[in-house]
Amino acid sequence: QMMIESGALSPEKVIELAKQPPQDELARSLMPMFCEAVSNKAPLHREMQEAYWAAQSKFPPEVQCKLGEIDAYVGLFARQMSTYMAWVIDRISQNTKFFTLEPTPVPDVPEKYKVAVVNKVMTELRALTSLSTADALAYAKQRVTDMKAEIYNLLYKESVKASDRMAKKMEDVMAEGDFRSAYIEFHADLFCSLGVLKYPAVEFVPRLRWKNNRVVTVVEPVSKWRRISPFDFYWSPDSKNAQDGRYIIEHTRVGGEALHWMKEQAPEGILSATIDYLLTNRPTGTAWLSTVGGQQSQFAQLQAGTSLQSIVSAHVPGTYDCLIFHTRLQGYWLKAYGVKSYKDGKSTIDVADDKMYAVEVWIVENYTTYISVNPHPTGKRPYWTGSFDPIPGSLYGNSAWRKLRGHEIMYRSGMRNYLKCTAFEAGVISEIDRSRFTTHQPPKNIGPWMMLQSDPDYAGGGHPALKLHR
């Protein structure tokens with residue numbers, strides 16, 4: 001079953017947010033990025049809505065109300081999607097490996113092996129004192145070639161074993177992170193509009209642990225593969241993929257345990273005080289992206305309009321609307337929020353004021369609640385995107401719906417017109433002379449073998465009181 005929960009923001013909601021001043025300077029500098037991203041994505045929003053309704057073989061509500069009693073839906077797109085998803089699930093059910101790891105054909109030889117070869121050949125030459133200089137050079141050349149081949153074979157065999165061990169490790173990590181279920185949902189989104197996968201996505205999972213000679217339940221952060229709704233994913237206008245643009249923004253909802261975890265990670269100072277404020281004054285969560293002045297916002301109304309399961313409420317009690325920014329900031333921003341150093345492998349590196357860093361920032365109710373340097377060694381963001389038909393130089397490609405939309409609309413329109421014409425062809429229209437039923441009740445329903453009583457035709461024309469037309 002497709003899991004589609006939309007959280008798209010309308011341009012009206014962006015204007016409402018822009019009028020609310022952020023509560024700290026970092027949020028103030030990042031929120032314009034969010035407004036820009038929503039405006040950039042707005043032209044695609046209607047197309048995405050249509051695709052997800054079509055996937056369920058349903059008309060959008062505003063279209064359904066105009067169709068009247070004729071409700072004929074021929075789901076060409078839904079049928080194609082069912083075929084595509086059946087193929088994806090069939091491939092996964094066959095325990096197909098998602099990848100293979102193979103070592104390079106010519107492995108790099110460590111320096112210590114090169115030194116060992118030279119030393120061994122020199123030792124052998126010292127024992128062969130009867131060889132002439134020319135013979136000694138030829139012998140040394142041949143021995144080095146032979147030993148080099150032996151070392152290559154040995155290293156390649158070890159590399160194959162190491163690759164197999166790494167492949168099993170990766171498969172275990174993917175299984176622990178629910179990769180297969182996220183992969184299926186990713187393909188459902190990919191067929192409709194845009195597929196987005198996130199790893200690692202930190203989720204808080206209750207687990208059993210042994211403590212003080214008894215079993216206790218402990219909520220721990222766990223790295224998971226997670227499908228991100230395309231309605232909750234925003235990118236900068238210059239993005240060609242999830243990695244090269246100025247920023248990527250994810251909208252999500254987090255629980256109180258996430259705020260407690262962020263507080264544990266936060267250094268003493270403004271971040272810790274901000275989280276304490278939210279936990280104390282917003283114990284049941286906050287819907288700052290869903291309500292304005294106590295009224296349901298355009299954002300919440302749009303959620304209800306695009307959700308294809310039960311209508312998603314504007315605010316789930318106990319959760320906090322959150323925006324996660326992945327961008328680059330200068331070091332003085334990190335220092336201002338208490339992040340003065342970060343880990344790079346086993347080393348601790350001090351943050352420099354004028355250096356740019358790839359960072360991750362969480363904003364809740366216009367407050368910055370979490371900020372850290374991207375832990376990936378190359379600064380990669382934890383998002384991967386895919387489209388049914390990629391467009392070079394664009395993050396959003398051609399969806400299957402974009403290719404089939406015209407055919408489906410034309411086919412549905414033809415089917416509705418056919419049913420309307422068939423109804424006129426098969427149905428009988430009756431014409432009643434009401435003057436002939438002054439003493440009798442005119443019939444409301446006409447059926448076979450009915451006997452009707454009517455007054456005589458005083459005009460003398462001999463016309464029937466009831467005429468049937470086809």
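These are my notebook entries on a predicted model of one protein chain.

**Entry 1: the whole chain**

I began with the overall make-up. The protein chain holds twelve helices and 15 strands. I then looked up burial, and of its 470 residues, 39% count as buried. For the surface, I found an accessible area of about 27,400 Å², with 55% of that belonging to carbon and sulfur atoms. I also checked how far apart in sequence the contacting residues sit. Among contacts with a separation of 6 or more, 71% are between residues 24 or more positions apart.

**Entry 2: two helices that meet**

Next I turned to a pair of helices. Two packed helices are described by the angle between their axes and the distance between the axes. I took α4, residues 76-93, and α12, residues 400-426; their axes come within 8 Å and cross at roughly 140°. That makes α4 oblique to α12, because only angles over 145 degrees count as roughly antiparallel.

Which residues of α4 meet α12? I found L76, F77 and Q80 on the α4 side. Their partners in α12 are A400, W401, L404, H407, E408 and Y411.

Most residues other than glycine have a negative phi, and most peptide bonds are trans.

I noted a cis peptide bond from Y199 to P200, with omega near -5°. P200 lies in strand β1, which covers residues 195-211.

I then noted D178, whose phi is near 55°, a positive value in a residue other than glycine. D178 sits in the loop between α6 (133-176) and α7 (179-192).

N366 also has a positive phi, about 65°, and is not a glycine either. I located N366 in the loop between β11 (356-364) and β12 (367-373).

N366 has a relative accessible area of 6%, so N366 is buried, the cut-off for buried being under 20%.

V428, I446, M450, L452 and L468 make a nonpolar surface patch of about 440 Å². L452 is in the loop between β14 (429-432) and β15 (466-469). With 37% relative accessibility, L452 counts as partly exposed, because that label covers values between 20% and 50%.

Methods:
Residues are numbered from 1 along each chain as its sequence is written. This is a predicted model: local features need pLDDT of at least 70, side-chain atom pairs count only at pLDDT 80 or more; totals for chains, interfaces and linings use all residues. Side-chain values use heavy atoms; hydrogens and water are left out. Patches are made of residues with over 30% relative accessible area and no salt bridge: like charges are joined within 9 Å, nonpolar side chains (Val, Leu, Ile, Met, Phe, Trp, Tyr) within 5 Å. Accessible areas come from the Shrake-Rupley method with a 1.4 Å probe; for residues, only the protein chains shown count as cover. A salt bridge is a side-chain nitrogen of Lys or Arg within 4 Å of a carboxyl oxygen of Asp or Glu. Helices (H or I, at least four residues) and strands (E, at least two) are DSSP runs, numbered from the N terminus. Buried means under 20% relative accessible area, exposed over 50%, partly exposed in between (1.4 Å probe, protein chains only). Axes are lines fitted to C-alpha atoms, for helices over the stretch in contact, and angles run from 0 to 180 degrees between N-to-C directions. Angles under 35 degrees count as roughly parallel, over 145 as roughly antiparallel, 65 to 115 as roughly perpendicular and the rest as oblique. Contact means heavy atoms within 4.5 Å.
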